[in-house]
Amino acid sequence: MIYWIFLGMAIMAEIIGTLSMKYASVTDSITGHLVMYVMITTSYVLLSLAIKRVALGVAYALWEGIGILFITLFSVMWFDEPISALKVAGLAILIVGILLVKSGTRKTPDSANARGDNHATA
């Protein structure tokens, strides 16, 4: 469960970092750049922790897909970026794609043993 929390935190950090990038470009703020660097680095670190137990394809699809969805929504609300019917359709297709990737991934019962997670203790 903790690995899914790491993934959720990685997604939030990516969203904040990318929005900070836009904020920094609009305001020429050093703070925006600092927040961007810290949050994007944090996002990758958390993603690397998440993929220890979450399938890489699922983790990346969720990380990038949910990130794109929220970054697009917040950029429309906060930065007055235009949204069109094609963008909305693309976001809907993105959501369907994420759901298909997630539902198409099955955990094998022996996956823990294949990684060598069961060690003998003395």
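**Figure 1. Surroundings of Ser43 in the predicted model.** Apart from its neighbours within four places in sequence, Ser43 is in contact (heavy atoms within 4.5 Å) with Ala10, Ala13, Glu14 and Trp63. Ser43 belongs to helix α2, residues 30-50; helices (H or I, at least four residues) are DSSP runs numbered from the N terminus. With a relative accessibility of 1%, Ser43 counts as buried, where buried means under 20% relative accessible area, exposed over 50% and partly exposed in between, for a 1.4 Å probe and protein chains only. A polar contact at 2.8 Å joins the side chain of Ser43 to the side chain of Trp63. Such a contact is a pair of N or O atoms within 3.5 Å; within protein, one must be able to donate a hydrogen and the other to accept it, and residues adjacent in sequence count only if both atoms are side-chain atoms.

The model is predicted: local features need pLDDT of at least 70, side-chain atom pairs count only at pLDDT 80 or more, and totals for chains, interfaces and linings use all residues. Residues are numbered from 1 along each chain as its sequence is written, and side-chain values use heavy atoms, with hydrogens and water left out.

**Figure 2. Packing of helix α1 against helix α3.** Helix α1 spans residues 2-27 and helix α3 residues 56-79; they pack at an angle of about 35°, and their axes lie 9 Å apart. The axes are lines fitted to C-alpha atoms over the stretch in contact, and angles run from 0 to 180 degrees between N-to-C directions. By class, 17 nonpolar, three polar and three charged residues make up the contact of α1 with α3.

**Figure 3. The salt bridge between Lys22 and Glu81.** The closest N and O atoms of Lys22 and Glu81 are 3.4 Å apart, forming a salt bridge, defined as a side-chain nitrogen of Lys or Arg within 4 Å of a carboxyl oxygen of Asp or Glu. By this rule, the count comes to one salt bridge. The pair links distant parts of the chain, 59 residues apart: Lys22 is in helix α1, and Glu81 is in the loop between α3 and α4 (85-103). Lys22 is partly exposed at 31% relative accessibility, and Glu81 is partly exposed with a relative accessible area of 28%.

**Figure 4. The protein chain as context for the close-up views.** The protein chain has five helices and zero strands. Of its 122 residues, 27% count as buried. Among contacts in the protein chain with a separation of 6 or more, 72% are between residues 24 or more positions apart.

Key. Helices (H or I, at least four residues) and strands (E, at least two) are DSSP runs, numbered from the N terminus. Ala, Val, Leu, Ile, Met, Phe, Trp, Tyr, Cys and Pro count as nonpolar, Asp, Glu, Lys and Arg as charged, and the others, Gly among them, as polar.
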